[in-house]
Amino acid sequence: MTLEAMVLSLYMLFPIISPQQEQLQEHYLETHAEQRNSIEMDGGQSLTAALNEWNLYMQEEFLDTSEGEIAIDNLELLENPEFGPQSAGSALALGLEEENYAEIVYKNSLKRLAFFNYGEEYFSPSSPLDGSNATVNVNSSIIVRNVYDDLYRLKEKITWKNAPTVKDSVMLSKIEFFYGSGDSSFPVRERQELYEKKIVNVIRYSPSGKVLQFEKFSKAGPKSKEVLEQKIVYDYDSKGRVILEESSDRVEDGSFVERKREYKYVTDGVKPSVKYYENGVLRLQTEYGFSDYTYVETVFFDGGFSIKSEFKDGVKVNETIYHAGKEYEGILNE
């Protein structure tokens, strides 16, 4: 890791909190390129070494380590809870190493959490001096910064690739949450920019937090026009159950395929009956009675043909071919 990358990581972990940090930032970021290239950290070192050096520049009143190490059991709050403090590809997660890690917690002079370290995971809330509500999670793979509004609702989530150099530390995604008037905990809209996939997703929510509309756009570059690829609209009944799903999907020739699903709830606790339409034409109908395993499924084809299949306890017990609504008794062409 170069010192440039180290300073960038530290800047994201600790937004300007002291004159000493400003001096450190100016010293390294304004150093001539040839000087920076000649000063390299050992590739085997990581953010741990950088943080140890950074402690020399921290004001004593900001970090209070007099209480020493404090164990924390809430490991599910880590960025990768499935692997404890490790990212999915780390040596410990893959079983290549056997090593124990201690939890380390730093508190400020107000006895509030300032920094948390467990294995390769790092976590830091923003300094109360910079006026923002934010947290930063770091592991060997990614750096995640969460920003909250004045009601501590998640407002923005930015993810970077954790790479050895600043040049390679690219932004992977940016997710923004927009809230309506009042203090509702549910956003009215969410915007996801997935840079590697070149996709933008926009989601709209109901006051109760249910998805009302989903849109997916393709975007070739940061300044490129967003092109609609998919749109899905949902409608619900008074019990919050989906009763209508309408979607439009772009196909290779640039046109859209329109699909619609209508749901009818007959019995509580049983799957709803469904009618599926494609470009306005009924293609599939599934009717449930009093069990998920006893139902009638009808497939509709062009030319007025349909096949009706009856299932009992999950086993097909009867199949009938119809034409123009009447049972078909002829012989199909081979």
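Which residue takes a positive phi in the hairpin of β17 and β18? The model is predicted, so local features need pLDDT of at least 70 and side-chain atom pairs count only at pLDDT 80 or more, while totals for chains, interfaces and linings use all residues. Residues are numbered from 1 along each chain as its sequence is written, and side-chain values use heavy atoms, with hydrogens and water left out.

Select residues 305-312 and 315-323, the strands β17 and β18, which pair antiparallel over 8 bridges. Strands are DSSP runs of E with at least two residues, numbered from the N terminus, and two of them pair if DSSP finds at least two bridges between them. Ser 309 has Glu 319 in β18 as its bridge partner. Between these strands lie 2 residues, and Asp 313 is the one with a positive phi, near 55 degrees.

Next, select residues 326-327, strand β19, which is antiparallel to β18 and joined to it by 2 bridges. Here Tyr 322 stands opposite Glu 327.

Select 199-205 and 211-218: β9 and β10 run antiparallel and share 7 bridges. In their hairpin, with 5 residues between the strands, Gly 209 has a positive phi of about 95 degrees. Gln 213 is the bridge partner of Arg 204, and Gln 213 is also partnered with Val 233 in β11.

Finally, select Val 136, Val 138, Ile 143, Ile 158 and Trp 160, the largest nonpolar core. Such a core is a set of buried Ala, Val, Leu, Ile, Met, Phe, Trp, Tyr and Cys residues joined through side-chain atoms within 4.5 Å; buried means under 20% relative accessible area (1.4 Å probe, protein chains only).

How values were computed:
Buried means under 20% relative accessible area, exposed over 50%, partly exposed in between (1.4 Å probe, protein chains only). Helices (H or I, at least four residues) and strands (E, at least two) are DSSP runs, numbered from the N terminus.
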